[in-house]
Amino acid sequence: MITKRPRRNRYNEVIRSMVQETALELNDFIFPLFIIEGQNQKVEVASMPGINRYSVDTLLDEVASCVELGIKAFAPFPSIPENLKDKYARESENPDGLFPRAIREIKKNFPDVVLMTDVAMDPYSSDGHDGIVINGEIVNDETLEVLGKMALTQAQAGADIVGPSDMMDGRVGHIRRVLDENGFHKVGIMSYTAKYASAFYGPFRDALDSAPKMGDKKTYQMNPANSREALIEAALDTEEGADYLMVKPALAYLDIIKLLRDNSHLPIAAYNVSGEYAMVKAAGLKGWIDGEKAMLESLLSIKRAGADIILSYFAKDFAKYLQK
Ligand code: PBG
């Protein structure tokens, strides 16, 4: 005789939704955006069907259509022309550069949206690295100077949250100091705390032409084999003043999201990265999987693992799904 029957709680849709433990909301999402120079530009990223690179004018239309759908937070990334890149990422401190211009325009037209801006040298670096390269080495402390100035430039342009994504040691503390010394104590820091040296960033580097010109990022991004190390990074970021901890990528690192969730009281974010988007999209477009269901299931898994905030290229698709 079977008396315990877990299937009773799955008997119909009403019961299933009553016992549902996790639900996605549009409020959970931050939508990444790619920005290019020029006018009236909208160029699809070949490896990310449905995701475009926008010039500042068309970007404002894109933000408007997202706001209309209920998306309130964005993570813009600039694609810097090759001739403006140098070893020291100097263009990242130019207040009239593409990125600060885009930030100002978005905030001017949409004062209520939240902008989380990426702090890392790679889009501006002629070496394609997240740090200054000296004799083949990615140097740490000299890089912090650049990151501090970059974060300040973004805060002055109107960024609400800065997101250091470079994995240099001491960056959160340095950026916090620079922001505070300049009166930007209200600007938050979402630290890319556990960012792994991952193959899943490929399409993003296509979008920004930001791939390393030599070597890889393994001396600063984490080894995918390690989880305890994520706790060391989390403790340091917390001590240095991070307001949010992020895990990146998300799907191959759900255990790390859970680990940080269980060991921190800070909000945990997860970055559902470009390669994760590309895989689901490509298989969906080929008809090999149901793309929409696979999207919903993977986003839900990120939330279930413990993420409060999800950065995802699927944010707009998810918003459209909610309106159906
Ligand atoms: C820059 C940065 C990267 C991503 C976000 N910020 C690329 C990298 O570290 O090489 C990847 C995002 C994605 O793949 O969607 N440091």
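The legends below refer to a predicted model, in which local features need pLDDT of at least 70 and side-chain atom pairs count only at pLDDT 80 or more, while totals for chains, interfaces and linings use all residues. Residues are numbered from 1 along each chain as its sequence is written, and side-chain values use heavy atoms, with hydrogens and water left out.

**View 1. Helix H10, residues 291–305, and its surroundings.** Helices (H or I, at least four residues) and strands (E, at least two) are DSSP runs, numbered from the N terminus. The 15 residues of H10 reach 21 Å from the first C-alpha to the last, close to the 21 Å expected at 1.5 Å a residue; the expected span is 1.5 Å times one less than the number of residues. At the start of H10, a side-chain oxygen of Asp290 reaches to within 3.1 Å of the backbone nitrogen of Glu292. Buried residues of H10 include Ala294, Met295, Leu296, Leu299 and Ile302, where buried means under 20% relative accessible area, exposed over 50% and partly exposed in between (1.4 Å probe, protein chains only). Strand S1 (29–35), helix H8 (254–263) and helix H11 (315–323) are among the elements against which the buried residues of H10 pack.

View 2. A nitrogen atom of the ligand is 3.1 Å from an N or O atom in the side chain of Asp122. For the side chain of Lys248, an N or O atom is 3.3 Å from a nitrogen atom of the ligand. An oxygen atom of the ligand is 2.7 Å from an N or O atom in the side chain of Ser274. Of the 400 Å² of accessible area that the ligand has on its own, the protein covers 100%; accessible areas come from the Shrake-Rupley method with a 1.4 Å probe, and for residues only the protein chains shown count as cover.

**View 3. Strand S8, residues 161–164, with S5 and S9.** Both faces of S8 are covered: Ile161 and Gly163 are buried on one side, and Val162 and Pro164 on the other. Strand S5 (residues 114–119) runs parallel to S8 and is joined to S8 by four bridges; two strands pair if DSSP finds at least two bridges between them. Gly163 in S8 is the bridge partner of Asp118. S8 and strand S9 (residues 188–195) also run parallel, joined by two bridges, and Ile161 stands opposite Gly188 in S9.

**View 4. Helix H5, residues 171–181.** H5 is largely enclosed by the rest of the structure, because eight of its eleven residues are buried. Arg171, His174 and Arg176 are among these buried residues. The cover includes S5, helix H4 (141–157), S8, S9 and helix H7 (228–240). Just after H5, Gly183 takes a positive phi of about 85 degrees.

**View 5. Backbone geometry at Pro249, Asn40 and Ala89.** Most residues other than glycine have a negative phi, and most peptide bonds are trans. The peptide bond from Lys248 to Pro249 is cis, with omega near -10 degrees, and Pro249 is in the loop between strand S10 (244–248) and H8. Asn40, in the loop between S1 and strand S2 (42–44), has a positive phi near 55 degrees. Ala89 has a positive phi near 55 degrees and is in the loop between strand S4 (73–78) and helix H3 (98–109). Asn40 counts as exposed because its relative accessibility is 62%, whereas Ala89 counts as buried at 0%.

View 6. Ser312, in strand S12, counts as buried at 0% relative accessibility.

Terms used:
Contact = heavy atoms within 4.5 Å. Polar contact = N/O pair within 3.5 Å; in protein donor to acceptor, adjacent residues only side chain to side chain.
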